Structures are given as C-alpha cells and as structure tokens.
Amino acid sequence: MDVSQVEAKYGLQLPRSHVLCLADPADPIHGACDFLLLESSVELLSLVHVNEFLRRPDKWNRWPAHLVAFASNGCGDYFAYDLRSPALTIVYLDPSAPPEEALSSSDRLTFQSFDHWRSHQLELYMRVVSSHE
C-alpha cells in the first residue's frame, strides 16, 4: 500500500513531514518509537493492520473511524490523528480506557502537528539514550 492509498482509505492527507519520515528508514523517529509503516512484515508495525485491529467490532475499546493510529510506545498505547480537527491534531491514547474517555479527559496529551509530536518524541528518546551512556 502506498501513501495515496492509505490517505484514501482513512480520509486524510498525511503531513509532508510524516511522508518523508515514512520514506526514510534512517530517520531517528524509527528508533524513538514504534513508527507505523505502510508496509511491514511485522503486523504490529503496519499502519493498516494496526488500525484495522483497533477498529474490530469485537474490541471492548473499539476505535472510532475519526482516529488513525500512526505510532506507539510499544505498550498498546498509540498516537493518532484525530480527523475531526482540520489541522490533524495528534492525540495519545492509553489502552486502559475507551477512546472516548481519553479524548474527553482534561489532562489528555495532544500535539498540534506531526512536527510538534516528532520533536517531542525525539527529545524524550535523546534523554533516554543520554541517560544510558
């Protein structure tokens, strides 16, 4: 699946910087988190597979269509685009609560753009790397 197919499937236009990260396996974001890919032999790293799984009707915390996961910290939590926002706000969703609960929380973690999210993730990653040196 290519970028245009993913965009059509989920009804969004990925930010250019997101597309560039997808195309560059050397981008540090790939080490900073489980950055979901267009194609992956590992299902948990496949953008389409993960989103299909999160939307399964038999899940107790089923995701609505307006959320599109694109990254994870690897513990069942996800960062997702909220398609209800024209600016594609990014939200953090914890697996222990239904998405609606997380989205309505006053202390929810949000980012105003992919670039803000990426900067935040890389900063956290660099702190962890530096603390292990």
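Which side chain is joined to that of D27 by a polar contact of 3.0 Å? In this predicted model, the partner is R118, whose side chain makes that polar contact with the side chain of D27. D27 itself lies in a loop, with α2 (16-23) on one side and α3 (29-32) on the other. Its relative accessible area is 11%, so D27 counts as buried. Apart from residues up to four places away in sequence, D27 touches C21 and R118.

F35, F70 and W117 are the residues with the most contacts inside the largest nonpolar core, a set of 37 residues. The greatest contribution to this core comes from strand β2 (residues 67-72), which supplies five residues.

A disulfide is a covalent bond between the sulfur atoms of two cysteines. The whole structure, when searched, contains zero disulfides. C33 is accordingly in none, and the cysteine sulfur nearest to its own, that of C21, is 9.2 Å away. C75, by comparison, counts as exposed because its relative accessibility is 64%. The closest cysteine sulfur to that of C75 belongs to C33 and is 12 Å away, so the two are too far apart for a bond.

Note on methods. Residues numbered from 1 in each chain as written. Predicted model: local features only at pLDDT ≥ 70, side-chain atom pairs only at ≥ 80, totals over all residues. Heavy atoms only, no water. Core = buried A, V, L, I, M, F, W, Y, C linked by side-chain atoms within 4.5 Å. Buried < 20%, exposed > 50% of the residue type's maximum accessible area, 1.4 Å probe, protein only. Helix = DSSP H or I, 4+ residues; strand = E, 2+ residues; numbered from the N terminus. Disulfide = S-S within 2.5 Å. Polar contact = N/O pair within 3.5 Å; in protein donor to acceptor, adjacent residues only side chain to side chain. Contact = heavy atoms within 4.5 Å.
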